[in-house]
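Subject: Model handover

Dear colleague,

Here is the structure you asked for. My notes on it follow.

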Amino acid sequence: MMKIKCATGKAHGKIILMGEHAVVYGEPSIALPFPAVDMVATICEKEGPLTVDCSYYNGIASEMPEVLESLRTAILTALDALQKKSDNLSITIESSIPAERGMGSSAAVSVALTRALFRYFDAELTDERLLTLVNIAEKIAHGNPSGLDAAMTSGDDPLYFIKGKPFEKFPLNISACMIVGDTGITGQTREAVASIAQKLKGEQKDLYLNAIKTLGRLTGQAKCAIEENNPALLGKLMNEAHAELTFLDVSSKKLDQLVTAARSANALGAKLTGGGRGGCMIALAATQAEAKKVEQALQQAGAVRTWIYQMGGKKDAK
Ligand code: MEV
């Protein structure tokens, strides 16, 4: 039997700990790769025109126009760079990253596809080129991306990330667990980013600019809290960041309900993560046992999926 030529490319999810939205305006952010959810693109040769099969999470995402647009853009951007045509290819996308939930699914689909297509055509792909291509696709999908999602879904290290600056690896050596809760509601990052851009041009622009600056300052303080292994302080800063993001109108009723449920279950802090307006929230707990209680509270408050992520610290928390 003749062997069919195939190649695969992978990417994982991402979580923004601090600094979403403000990062678009040059403020710092802290984010981490989230390999608990991932994406695999497989390219195989076949007769005839391109076919794309996406069995995204529960098959739901493949019906969403935004997701199809991200996919289309990612395929065309990579093929254009390779100077190849889409004929005689079949593409299969398998993903456990829930789409449009602030976990980086649109960047991840682009990372996985670009890696698979370059591998399929035996072309060299440096990290720099990968990021350039993914950010072209992200610009079309998200309007004005900071580049954070591309960096996080393709890289293996948590970063202290400032737009346009060299990446700074930032190990999250803090004795704490992060709990992630999915509202089950899609949030359009593009719209959320655009609405803040509008606010920054409006009558109350100084107030909104102040919120962006405050988010940047909170991220700087969060960096120190992590370096000092102080989860209680990090939790407090997360609460303050959620208040600023709420002021910028990128939270939602369901996100606020989950954040409140986490805090009522003694989380050290809780906030939305990613673009907001739906999607996911994160909470911080000092121990695995505390994290389990927070997770249960989130499930009771209606989170459709939850994850517990052990952060890197080994020392006792302050
Ligand atoms: C989206 O995951 C993160 C945002 O800060 C947008 C961006 O950084 O491009 C909201």
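The helices (DSSP runs of H or I, at least four residues) and strands (DSSP runs of E, at least two) are numbered from the N terminus, and the expected span of a helix is 1.5 Å times one less than its number of residues. This is a predicted model, in which local features need pLDDT of at least 70 and side-chain atom pairs count only at pLDDT 80 or more, while totals for chains, interfaces and linings use all residues. Residues are numbered from 1 along each chain as its sequence is written, and side-chain values use heavy atoms, with hydrogens and water left out.

Helix α6

α6 has 23 residues and runs 33 Å from its first C-alpha to its last, close to the 33 Å expected at 1.5 Å a residue. Its buried residues (buried is under 20% relative accessible area with a 1.4 Å probe, protein chains only) include Y208, A211, I212, L215, L218 and I226. The buried residues of α6 pack against β1, β2 (29-45), β5 (159-161), β6 (168-169), α5 (189-199) and α7, where contact means heavy atoms within 4.5 Å. Just after α6, N229 has a positive phi of about 55 degrees.

Helix α7

The 17 residues of α7 (residues 231-247) should span 24 Å at 1.5 Å a residue, and the end C-alpha atoms are 24 Å apart, which agrees. Buried in α7 are P231, L234, G235, L237, M238, A241, H242 and L245. Seen down the axis of α7, these buried residues fall within an arc of 160 degrees, so they line one face of the helix; the arc is that of the directions from the helix axis to the C-beta atoms. Elements covering the buried residues of α7 include β1 (6-18), α6 (205-227), α8 (253-264), β8 (269-273) and β9 (280-285).

Domains and cores

The domain assignment, which is automatic or from a database, gives domain 1 (6-161) and domain 2 (173-310). Their centres, taken over C-alpha atoms, are separated by 24 Å. The contact takes 34 residues from domain 1 and 42 residues from domain 2.

A nonpolar core is a set of buried Ala, Val, Leu, Ile, Met, Phe, Trp, Tyr and Cys residues joined through side-chain atoms within 4.5 Å. The largest such core has 89 residues, and L17 and L113 have the most contacts inside it. Helix α2 (residues 105-120) gives the most to this core, with 10 residues. At least three residues of this core come from each of domain 1 and domain 2. Not counting residues up to four places away in sequence, L113 touches A41, I43, L71, A74, I75, I91 and I93. A second, separate core of nine residues includes I16, V23, A31 and L159.

The loop between β8 and β9

Which residue is found in the loop between β8 and β9? G274 is found there, and G274 is buried, with a relative accessible area of 4%. The C-alpha atoms of G274 and K14 are separated by 8.9 Å, although the two are 260 residues apart along the chain. Leaving aside neighbours within four places in sequence, G274 is in contact with I16, E20, H21 and G102.

Database record

Residues 225-302 are 58% helix and 14% strand, with end C-alpha atoms 31 Å apart.

Regards

Conventions: Buried means under 20% relative accessible area, exposed over 50%, partly exposed in between (1.4 Å probe, protein chains only).
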